[in-house]
Amino acid sequence: MAMYFFASDQVVLLFDFWNIHSMEGLVLTVVIVLLMTVTYEMLKVETVKLDKKILDLMAAAPPNPPDETAETLPINPDSQNISCKRWIWVHVLQSVLHIIQVVLSYFLMLCAMSYNVWVFLSIIAGAGIGYFVAYPLIKTC
């Protein structure tokens with residue numbers, strides 16, 4: 001494997017079955033890698049939007065008094081249980097999004113380490129397109 005950038009239509013990318021031998025295969029690979037990069041940027045935005053919603057919900061929730069005793073607990077104890085369950089599911093969603101984001105970022109890093117110029121340029125173009133499309137969506141939340 002070459003340890004320098006090269007421009008060729010023959011490259012093995014990520015897995016043995018992703019073996020490119022033609023210009024059509026290279027074009028398809030460039031499009032797939034570009035879409036992976038745009039998806040990565042969109043996931044980053046969705047993570048930020050989810051975090052912002054969680055912070056807004058936490059700010060809207062009334063704070064618990066520090067000297068809360070058994071006599072001052074709310075009459076409906078299920079209300080705290082429901083919010084705790086909701087928090088757990090939100091945290092699970094955050095964790096799944098983080099795992100997907102990390103896996104996708106490592107795949108993109110390994111694609112860049114193929115040292116194929118066209119694959120590398122598709123990562124850069126996908127990052128630019130993804131940023132251009134996704135980041136204005138943060139202001140809409």
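This is a predicted model: local features need pLDDT of at least 70, side-chain atom pairs count only at pLDDT 80 or more; totals for chains, interfaces and linings use all residues.
Which residues form a nonpolar patch on the surface? The patch is made of Leu55, Met58, Trp87, Ile88, Trp89, Val92, Val96 and Ile100. Together they have about 830 Å² of accessible area.

Now, where do they come from? Two elements give two or more residues each: helix H1, residues 23-60, and helix H2. H2 gives the most, with six residues.

Pick one member, Leu55. Leu55 lies in helix H1. Is Leu55 buried or exposed? Its relative accessible area is 56%. Exposed means over 50%, so Leu55 counts as exposed.

Next topic: aromatic rings. How many aromatic pairs does the structure hold? Five. Let me show you one of them. Phe15 pairs with Phe107, and the arrangement is edge-to-face. The ring centres are 6.0 Å apart, with 85° between the planes. Over 60 degrees counts as edge-to-face, which is why this pair gets that label.

Look at where the two partners sit. Phe15 is in the loop between strand S1 (11-12) and strand S2 (19-20). Phe107 is in helix H2, residues 78-112. They are 92 residues apart, so the pair links distant parts of the chain.

What about their exposure? Phe15 has 36% relative accessibility, so it counts as partly exposed. Phe107 has 30%, and Phe107 counts as partly exposed too.

One last item. Ring pairs also build a cluster: Phe5, Tyr115 and Phe120. Find those three in the structure above.

Notes:
Residues are numbered from 1 along each chain as its sequence is written. Side-chain values use heavy atoms; hydrogens and water are left out. Rings of Phe, Tyr and Trp (its six-membered ring) pair if their centres lie within 6.5 Å; planes under 30 degrees apart count as stacked, over 60 as edge-to-face and the rest as tilted. Helices (H or I, at least four residues) and strands (E, at least two) are DSSP runs, numbered from the N terminus. Buried means under 20% relative accessible area, exposed over 50%, partly exposed in between (1.4 Å probe, protein chains only). Patches are made of residues with over 30% relative accessible area and no salt bridge: like charges are joined within 9 Å, nonpolar side chains (Val, Leu, Ile, Met, Phe, Trp, Tyr) within 5 Å. Accessible areas come from the Shrake-Rupley method with a 1.4 Å probe; for residues, only the protein chains shown count as cover. A salt bridge is a side-chain nitrogen of Lys or Arg within 4 Å of a carboxyl oxygen of Asp or Glu.
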